[in-house]
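Thanks for coming, everyone. Let me put the structure up, and then we'll walk through a few side chains.

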Amino acid sequence: AVISDRSGAPVLDLAAQLKVETFVVNHREESVLLALLRKLQPRWALLAGYKRMVGPGFLDFFADDGFSRVLNVHPSLLPAYPGLNAYERAFADGVKVSGVTVHLVDSGMDTGLCVLQESFEREEADDLQSFVAKGRKLEHKLFPKALDLAAANRIQLGKNGSRWVSLKGKTR
């Protein structure tokens with residue numbers, strides 16, 4: 001299922017074309033969202049383009065032995081540039097290398113454990129538009145890869161609750 005907090009989100013049209021069930025829930029109505037999640041019983045939540053903090057009830061629903069089953073794609077090499085407008089801030093700062101991070105969501109602002117991360121170089125000829133395009137290309141590569149890892153049950157926490165993620169088996 002696809003759940004969006006915006007009725008005009010393009011992902012809703014794409015999901016409908018693919019015959020995937022869609023829902024629109026106001027981000028302020030966590031109780032409505034939680035009731036829907038209890039009905040659907042998803043194993044993972046995937047945040048793409050969701051530019052808000054999720055509530056504690058949402059995180060608790062997807063908690064599994066201290067392991068968040070919520071993935072987010074973020075447009076920076078975290079921990080650099082958490083929060084909104086990461087590409088713009090990195091570009092304005094003149095970074096020579098930027099990138100994309102897929103991470104497990106926790107209660108902090110982009111502070112969850114990294115699952116995948118990849119960088120790209122800023123070329124001298126890059127303007128903000130070309131810089132962002134490089135990042136988006138990586139987002140579209142890494143997020144599906146992370147989803148495949150999650151679906152195959154290959155993401156696990158480090159031993160004894162340590163703060164690292166292990167990818168079981170070979171990565172492609």
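Start with Lys134. Its relative accessibility is 24%, so Lys134 counts as partly exposed. Here is the scale: buried is under 20% relative accessible area, exposed is over 50%, and partly exposed is in between, with a 1.4 Å probe and protein chains only.

Before I go on, the ground rules. This is a predicted model, where local features need pLDDT of at least 70, side-chain atom pairs count only at pLDDT 80 or more, and totals for chains, interfaces and linings use all residues. Residues are numbered from 1 along each chain as its sequence is written, and side-chain values use heavy atoms, with hydrogens and water left out.

Now confidence. pLDDT is the predictor's confidence in each residue, from 0 to 100. The protein chain has a mean of 90, and 90% of its residues reach 70 or more. Where is confidence lowest, and where is it highest? Strand E10, residues 165-167, has the lowest mean, at 66. Helix H4, residues 86-92, has the highest, at 98. Those labels are DSSP runs numbered from the N terminus: helices are H or I with at least four residues, strands are E with at least two.

Back to Lys134. What does Lys134 pair with? Asp126: the two form a salt bridge, with the closest N and O atoms 2.6 Å apart. By salt bridge I mean a side-chain nitrogen of Lys or Arg within 4 Å of a carboxyl oxygen of Asp or Glu. Side chains of opposite charge can pair when their charged atoms come close.

Stay on Asp126. Asp126 sits in the loop between strand E8 (114-121) and helix H5 (128-151). Asp126 counts as buried, because its relative accessibility is 13%. Its side chain has other polar partners. One is the side chain of Ser130, at 2.9 Å, a polar contact. Another is the backbone nitrogen of Glu123, which lies 2.8 Å from a polar atom of the Asp126 side chain. A polar contact is a pair of N or O atoms within 3.5 Å; within protein, one must be able to donate a hydrogen and the other to accept it, and residues adjacent in sequence count only if both atoms are side-chain atoms. Leave out residues up to four places away in sequence, and Asp126 touches Phe91, Glu121, Phe131 and Lys134. Touching, or contact, means heavy atoms within 4.5 Å.

How many salt bridges are there by this rule? Four. Take Arg52 and Asp5, with closest N and O atoms 3.1 Å apart. Arg52 is in the loop between E3 and helix H3 (56-61), and Asp5 is in the loop between strand E1 (2-4) and H1, so this pair ties together parts 47 residues apart in sequence. Arg52 is partly exposed, at 36% relative accessible area.

Next, Lys141 and Glu118. Their side chains meet in a salt bridge at 2.9 Å, N to O. This pair links distant parts of the chain: Lys141 is in helix H5, Glu118 in strand E8, 23 residues apart. Lys141 has a relative accessible area of 43%, so it is partly exposed. Glu118 is partly exposed too, at 26%.

Now a histidine. Is His74 buried or exposed? Buried, because its relative accessibility is 3%. His74 lies in strand E6, residues 70-74. Its side chain makes a polar contact of 3.3 Å with the side chain of Asp110. Beyond four places in sequence, His74 touches several residues, including Tyr81, Pro82, His103 and Asp110.

Some backbone points. The peptide bond from Leu78 to Pro79 is cis, with omega near 20°. Pro79 is in the loop between E6 and H4. Gln41 is not a glycine, yet has a positive phi of about 55°. Gln41 is in the loop between helix H2 (30-40) and strand E3 (45-47), and is exposed at 54%. Asn153 is not a glycine either, and its phi is positive, about 55°. Asn153 lies in the loop between H5 and strand E9 (155-157), partly exposed at 45%.

Last stop, Leu18. Leu18 is in the loop between helix H1 (10-17) and strand E2 (22-24). Leu18 is exposed, with a relative accessible area of 57%. That's it from me.
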